[in-house]
Amino acid sequence: MNRNGIPGFEELLKPLPWYSPRSWYYGLCSLFLGTVGQLSDGIRTGYRYGFDSGMIMNYVYSNKPGGKFYVGRKLDEAFLNQITCRAFRAVKEIQKNMIMSYLAERNGGGTFIVDMASGEADYLYDVLRQTGPEVKAHLRDISANALDESRKTAARLRLGDRVTFGQGDALDPDSLRRIEGKPDLVIEVGLYGIIHDDALIRAHLAQLRDILNPDALLFNVQTYNPQIELVARVLRNQEGGRCVWHLRPAEEVIGWAEEAGFREAKVTYDPYRIYAVVMMRS
């Protein structure tokens with residue numbers, strides 16, 4: 001156990017013994033969410049795409065409860081009101097504000113943004129709608145479904161001439177090399193928490209600096225979550241396995257980014273101090 005009795009990452013990876021009261025509790029939670037919970041649009045989206053996917057993130061961002069029948073809508077309201085979901089929405093606004101501040105520093109100069117794990121890129125579309133044609137974006141995601149939804153959003157908002165798309169693994173150096181043009185700002189939010197291997201993140205940050213060499217990097221780090229065991233024991237990830245998120249101190253990831261050549265970390269926490277949002281320069 002670590003801070004405030006929250007299980008550590010290694011503990012969360014291990015299954016609970018069958019006789020543990022926590023095992024029975026989380027088993028009942030899983031049964032409920034897999035049956036009655038499917039009446040909630042949000043819970044059903046999470047089971048379909050994974051609770052670590054861009055699809056569920058954008059559903060949480062939208063914060064519009066929906067579901068089958070009265071009970072489904074009430075379940076969805078309860079889901080969207082969870083502290084983790086509230087933190088997600090707060091982080092969205094922090095990220096958007098950081099991007100807008102970065103663009104303001106550039107005084108209207110041309111800016112190329114690359115989002116390495118974009119999902120539908122809800123908050124980035126908010127940025128594009130508030131800026132002019134000098135700001136363009138390239139959205140990448142490992143999920144074809146997420147990119148298809150994002151294309152629809154770009155078409156609906158009439159931003160298709162300012163956005164390009166590419167399917168790829170953010171951690172694959174060859175995928176980085178396929179990005180055309182040098183990005184001014186690289187965004188990697190919601191990514192590091194689903195990567196279990198510290199060495200993989202450290203290597204990726206170095207590759208990011210060497211291959212793309214952006215002017216700035218925006219990322220977030222999940223540092224604390226009182227619901228982390230519920231997520232790990234009950235919810236499913238994009239691959240259908242347990243959704244085990246890796247909590248890390250923000251200072252640790254910032255240190256890895258500094259090793260890679262990034263500097264001047266600006267850190268903002270959400271009101272619940274679940275996430276640290278970090279902007280660094282190259």
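Colleague: At what angle do helix α10 and helix α12 pack, and how far apart are their axes?

Modeller: Bear in mind that this is a predicted model, where local features need pLDDT of at least 70, side-chain atom pairs count only at pLDDT 80 or more, and totals for chains, interfaces and linings use all residues. Residues are numbered from 1 along each chain as its sequence is written, and side-chain values use heavy atoms, with hydrogens and water left out. Helices (H or I, at least four residues) and strands (E, at least two) are DSSP runs, numbered from the N terminus; axes are lines fitted to C-alpha atoms, for helices over the stretch in contact, with angles from 0 to 180 degrees between N-to-C directions. For α10 (residues 198-212) and α12 (residues 250-260), the angle is about 40 degrees and the axes are 8 Å apart.

Colleague: Which residues of α12 does α10 meet?

Modeller: Contact here means heavy atoms within 4.5 Å. From α10 come D198, I201, R202, L205, A206 and R209, and on the α12 side they meet E252, V253, W256, A257, E259 and A260.

Colleague: On to the sheet: what is the strand order?

Modeller: Two strands pair if DSSP finds at least two bridges between them. That gives an open sheet of seven strands with mixed pairing, in the order β3-β2-β1-β4-β5-β7-β6.

Colleague: Which residue in β3 stands opposite H138?

Modeller: β2 and β3 pair in the parallel sense, over five bridges. Within that pairing, H138 faces T164.

Colleague: What is the handedness of the crossover from β2 through α8 to β3?

Modeller: Call it right-handed if, with the strands pointing away from the viewer, the path from the first strand over the helix to the second runs clockwise. Helix α8 (residues 144-156) lies across β2 and β3, at about 170 degrees to β3. This β-α-β crossover is right-handed.

Colleague: How many residues of β2 are buried?

Modeller: Buried means under 20% relative accessible area, exposed over 50% and partly exposed in between, with a 1.4 Å probe and protein chains only. β2 is mostly covered, and the count is six of its seven residues.
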